[in-house]
Amino acid sequence: MGKTSVSSSRSSLTRKNLIGYAMGDLGGCMTFAVMGSFLTPYYTEVAGLTTGAVASMYLILKIWDAVNDPMMGALMDKVFARTHSSKGKFRPWMVRATPLLLITAILMYTAPTYVNGAAKVLVALVTYLLYEASYTMFNIPYGSLLSAMAGNDAERANLSSARGFGSMIGNLIPMFMFPIIIDTMTANPQLGYTAGVTLCAVVGFIACILSCKWTCEHNSRPVEEDIKDSSDIKFTDILVVFKKNRAFVALCLQGLFYCIMQYMGTTLGIYMYRDVLGALSMMSMMTLISMGLSFIFLALVPKIVAKKGLEKTVRASQLISVALYVLLFLLPNNIFLYMGVSAFASGFGGITVLMQWGMVGEAIDYNEYVTGKRTEGSIYGTFNLMRRIGQALGSSAAEALLGVIGYVPGAQAQSAGVQMGIKTLVVLTPAVFLFLCWVSLKFVWNITPEIRELMSASRNPEQSGK
């Protein structure tokens, strides 16, 4: 049987569809950003958990993600192949997950303080696990939804851009207001964290509901036209993907390296501003500056990509970011110098994330070309797993390395050696891992212009004379 073709006559996306897709990442990031940046200080400074317990908990929970994320993706593929539900392949899962995100996010920042001793660790572990499961149930179908909404390259690019804008806004709001809330409620830190997470969770809930209502699934085929029933979709299919799809392997490596870097940075960022620079409130201002710069990059990068190509643009931005982070490490600890240089360093590095969703879509197309199956859920779930592993390693490593450098929780001031250790972790780590991202795209990614032509001919055999 010939490989599946993809129809070129699909329904056009409306502005509401694009806004709805943006709302999905906005809603998810409202609580996920808070978890990444403020969960560690909440656990250690408010809930009273030890740094060792937190580091171990982060790592243990991500072991579950090794099963959870790809299993969720494969489950969606198999259920839809069996039912061919008229409600769609992905959006029903998003609807189920939305209220769970609201409830579990609030529990994660409140429940541990109601118990003591070993029960405190257990409650923290369970509430964290429930939140992670809820987020997976929303995020895997949301990420996979792009392929079901887009009917051509232009629509895929528009949806990737919409997701980028939604993600930035979803990170901007909590990262701007959360430091202010907890900084103004130092007399009652638990109340500060509770108020902050509740506000973020409610905004996220509304955004996720709008995403479910305003998105669509134009081309949710029964796991493509040449797959007749759910028995054709196997959990082990992803092993074939790793064997045959080098582009997907490159993205998985890049996702792993970038998320290690990102989550070390978000976990340690509060310590850099508070204990090294002595300006915690400026963290909110830095968030505004960085997000504003990201909006500019998001508008300009597609034009550069049109001239230079996607992979070349991403690789160049990674090398520029590496150079800026090295420069930042050599500069003195001045808050304004730090904010200025780090804004551009993180901005160029962030192009990796802004452009990765289109690259994932291309890797899905390539996988259909080399395997004959189009299983968006399984592929996106596994890609997300690699990112989650990176997040877990980054968070755990950051927490463990705080102990290695001698950080003293609750101390009025940290020693000069500890301050240098924090700066090294926050500034030089991104340089190392962004360079590894560059290596992944340079030497592993294999989709060339010639391969793209073959992929296009395979999807549209009637236009290629096949």
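A cavity is a set of grid points where a 1.4 Å probe fits but cannot get out. The exercises below apply this term and others to the structure above, which is a predicted model.

**Exercise 1. Determine how many cavities of 30 Å³ or more the structure holds, and characterise the largest cavity.**

Solution.
1. The count of cavities of 30 Å³ or more is six.
2. The largest cavity contains about 1300 Å³ of space.
3. Its lining comprises 46 residues, and N171, Y258, Q262, T266 and M291 are the ones nearest the centre.
4. Helix α11 (residues 335–371) contributes the most to this lining, namely ten residues.
5. Sorted by class, the lining of the largest cavity has 22 nonpolar, 20 polar and four charged residues.

**Exercise 2. Describe the second largest cavity by volume, lining and contributing helices.**

Solution.
1. The volume of the second largest cavity is about 90 Å³.
2. Twelve residues line the second largest cavity, with M35, Y58, Y128, Y263 and S395 nearest its centre.
3. At least two lining residues come from each of α1 (15–46), α2 (51–83), α8 (246–276) and α12 (376–404).
4. Of the contributing elements, α1 supplies the largest share, four residues.
5. The lining of the second largest cavity is made up of six nonpolar, five polar and one charged residue.

**Exercise 3. Identify the elements that give two or more residues to the lining of the second largest pocket.**

Solution.
1. The second largest pocket has a volume of about 400 Å³.
2. It is lined by 17 residues, and E45, T186, Y193, R274 and L280 are the closest to its centre.
3. The elements giving two or more residues to this lining are α1, α5 (153–184), α6 (189–214) and α8.
4. Helix α8 provides the largest share, three residues.
5. By class, nine residues of the pocket lining are nonpolar, four are polar and four are charged.

**Exercise 4. Classify the relative orientation of α8 and α9, and then that of α3 and α6.**

Solution.
1. Two packed helices are described by the angle between their axes and the distance between the axes.
2. For α8 and helix α9 (residues 282–308), the angle is about 125° and the axes are 10 Å apart.
3. Angles over 145 degrees count as roughly antiparallel and those from 65 to 115 as roughly perpendicular; α8 and α9 are therefore oblique to each other.
4. In this packing, G269, I270 and Y273 of α8 meet M282, M283 and M286 of α9.
5. The α8–α9 contact has five nonpolar residues, one polar residue and no charged residues.
6. The axes of helix α3 (residues 91–108) and α6 cross at roughly 175° and come within 9 Å.
7. Helices α3 and α6 are therefore roughly antiparallel to each other.
8. Residues in the contact include M94, L101 and L102 of α3, together with V197, F205 and I209 of α6.
9. The contact of α3 with α6 has 14 nonpolar, three polar and two charged residues.

**Exercise 5. State the number of aromatic pairs, and classify the pair formed by F38 and F178.**

Solution.
1. The count comes to 21 aromatic pairs.
2. A pair of aromatic rings is described by the distance of the centres and the angle of the planes.
3. For F38 and F178, the centres lie 4.8 Å apart and the planes make an angle of 25°.
4. Planes under 30 degrees apart count as stacked, and the pair of F38 and F178 is stacked.
5. The pair links distant parts of the chain, since F38 belongs to helix α1 and F178 to helix α5, 140 residues apart.

Key. Residues are numbered from 1 along each chain as its sequence is written. This is a predicted model: local features need pLDDT of at least 70, side-chain atom pairs count only at pLDDT 80 or more; totals for chains, interfaces and linings use all residues. Side-chain values use heavy atoms; hydrogens and water are left out. On a 1 Å grid over the protein atoms alone, a cavity is a set of points where a 1.4 Å probe fits but cannot get out, and a pocket is an open set with protein on both sides within 12 Å along at least five of seven lines; lining residues have an atom within 4 Å of a point. Grid points are joined across faces, edges and corners, and a volume is the space filled by probe spheres set on the points. Ala, Val, Leu, Ile, Met, Phe, Trp, Tyr, Cys and Pro count as nonpolar, Asp, Glu, Lys and Arg as charged, and the others, Gly among them, as polar. Axes are lines fitted to C-alpha atoms, for helices over the stretch in contact, and angles run from 0 to 180 degrees between N-to-C directions. Angles under 35 degrees count as roughly parallel, over 145 as roughly antiparallel, 65 to 115 as roughly perpendicular and the rest as oblique. Contact means heavy atoms within 4.5 Å. Rings of Phe, Tyr and Trp (its six-membered ring) pair if their centres lie within 6.5 Å; planes under 30 degrees apart count as stacked, over 60 as edge-to-face and the rest as tilted.
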